[in-house]
Structures are given as C-alpha cells and as structure tokens.
Amino acid sequence: SSSGYTVVSPAPRDVWHALATDNAHASVFQTPVWMNALCTAAPFRDASRLYVAPDGRVLVLPLARHRVLGIAASMPHGWGSGGLLGREPERPEDVVACLDDLRALRLARIGITPDPMRAAMWREARSNARVESRSTQIIDLEGGYEHFWSKVLDSAMRAKVRRAERLGVEIEWDSGRRGVDIFYGLYMSWLDERADRRRLPRPLIRFLGRRRDPRQKFDALSGVLGDA
C-alpha cells in the first residue's frame, strides 16, 4: 500500500474497462484498447496501476513500461495523455499517493502527462518531481457547432473553409488499412514540405518523422479500435 492506498498492477482489465466506459472524464488514451495498441506497436508492456483509496474510491493509472530500458510513462511520447482515471476527477491526495507509489518502483525515469485540464493539481502535488511545461490546444464545443462556427472561428478561417467547399473538397471516413495508407502518405508529403521549407534533406526529416510516428502505430490503432 501507499499512504493507505491499496495498489494492484497490472490493473484488472474489467475494472479498468468499467472506469473508462461512459465516463465523461475519460479519454481514448486512457483505455485498455489504447494500451493494447501501444504494446503491439512499441517496445512497451502494460504496467498499469490500480489504486483503491482509503474511502473506497477506485482509480487506474495507465502506465506503459519499456521492455528493455528502466523507464515507464503514462503515456509515452506520441501516445497522448495519461494520468489517473476514476469515476470522478482525482483529488490532490490521490496524486500524492500515486507519485509516492511510482517513486518506490525505483525506475530510471517515469513520465506522467496528465489530462491538461487537471495539470495544475499535478503540478502542485509534484512531490519533488521535475515539471516540464507543454502546450495543448483545446477547442471548446460546449455551445454547439453554430456557436463554434460564428463565434469561435475567425473570418479568415471561415473563408478558408468556404473556399475548400467551392473547390469540391469532400470528407471521407475510413477506419481500415485504406484510411491509414492515405493518412500516412499525406504525413510523408507534409514531412517533405517541412524539409524543403527548412532547407534540410528530405531523407533525414522522413527518418525523424517515422521514428516519432511509425507506420505500425497507426496500423495497431486501426486494428484494435476498428470502427471506434
């Protein structure tokens, strides 16, 4: 136990799935199927932690541990945010207990990227952990599409959307291999454009891009998420 919290690892999948289902606070990055994709496409294994608080509340920390190196993350770079998942948002005492538990693992490095909306709580309860600030872009859709279109988007962006409509741009949805093929082809083209703008060798930028977001990552996500 850690500060009165009971800890189980890996987290039982049925409990984890129940916490992530129909949960307004959960993101796809915190689900068991996302962990499945990560462990398929990258050299990590499921090291998730289940915490039972003294008052009976249950929380899960999606945590991936490298199969060779002494490092772990929630979640690894390029795999979204992690942090604690519960029926309700975590409390400061939950964060402290989690950090104490992770420190006891004595790994070389453990990185936590929590939900950006609750990052302040983690920052305040960091308990001697090193804090790295990163930017996250969030669009508020609470007012509905019409409010977003007329009040949030500026006139320049609305003009670009209308121009795309006039040019006959169509939007298709595909969760299978064809969609991944098209997406990754566009990603490679975008990398080439970045290389040209920066006057850098295309092969170098493609290598770095593939290393950051390998093709097998999207194949794995397509395989485990399917139409979801």
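This is a predicted model: local features need pLDDT of at least 70, side-chain atom pairs count only at pLDDT 80 or more; totals for chains, interfaces and linings use all residues.
Which hand does the crossing of H7 and H8 have, right or left?

Residues are numbered from 1 along each chain as its sequence is written, and side-chain values use heavy atoms, with hydrogens and water left out.

**The whole chain**

Show the C-alpha trace, which spans about 60 × 45 × 35 Å along its principal axes. Of the 228 residues, 37% are buried, where buried means under 20% relative accessible area, exposed over 50%, and partly exposed in between (1.4 Å probe, protein chains only). Among contacts between residues at least 6 apart in sequence, 66% join residues at least 24 apart, a contact being heavy atoms within 4.5 Å.

**The sheet**

Next select S1, S3, S4 and S7, four strands that form an open sheet in the order S1-S3-S4-S7 with antiparallel pairing; two strands pair if DSSP finds at least two bridges between them. The edges are S1 (6-8) and S7 (85-86), each of which pairs on one side only.

Zoom in on S3 (residues 49-52) and S4 (residues 58-61), which run antiparallel and are joined by four bridges. Val 52 has Val 58 as its bridge partner in S4, and Arg 49 has Leu 61. Five residues lie between the strands of this hairpin, in which Gly 56 takes a positive phi near 95 degrees.

H1 (residues 13-20) lies across S3, S4 and S7, running at about 100 degrees to S4, whereas H3 (residues 92-103) lies across S1, S3 and S4, running at about 135 degrees to S3. The axes behind these angles are lines fitted to C-alpha atoms, for helices over the stretch in contact, and the angles run from 0 to 180 degrees between N-to-C directions.

Select Ser 9 and Pro 10, which are joined by a cis peptide bond with omega about -5 degrees; Pro 10 is found in the loop between S1 and H1. A cis bond also leads from Ser 74 to Met 75, with omega near 0 degrees, and Met 75 lies in the loop between S6 (71-74) and S7.

Move on to Arg 106, in the loop between H3 and S8 (109-112), which has a positive phi of about 55 degrees although it is not a glycine. Arg 106 is exposed, with a relative accessible area of 76%.

**H7 and H8**

Select H7 (residues 177-198) and H8 (residues 202-212), whose axes come within 9 Å and cross at roughly 135 degrees. That makes H7 oblique to H8, given that angles under 35 degrees count as roughly parallel, over 145 as roughly antiparallel, 65 to 115 as roughly perpendicular and the rest as oblique. The opening question can now be answered: the crossing of H7 and H8 is right-handed, a crossing being left-handed if the near helix is turned anticlockwise from the far one by less than a right angle, and right-handed if clockwise.

Among the residues that meet here are Tyr 184, Met 188 and Leu 191 in H7 and Ile 205, Arg 206 and Arg 210 in H8. The residues of this contact divide into six nonpolar, one polar and seven charged, where Ala, Val, Leu, Ile, Met, Phe, Trp, Tyr, Cys and Pro count as nonpolar, Asp, Glu, Lys and Arg as charged, and the others, Gly among them, as polar. In the loop between the two helices, select Arg 199, which has a positive phi near 55 degrees and counts as exposed at 78% relative accessibility.

Return to H7 for Val 180, which counts as buried at 9% relative accessibility. Leaving aside neighbours within four places in sequence, Val 180 is in contact with Arg 215, Phe 218, Asp 219 and Ser 222.

**H2 and H9**

Finish with H2 (residues 32-41) and H9 (residues 215-225), whose axes come within 8 Å and cross at roughly 145 degrees, in a right-handed crossing. Among the residues making the contact are Trp 34 and Ala 37 of H2 and Leu 221 and Val 224 of H9. By class, this contact has eight nonpolar, three polar and one charged residues.
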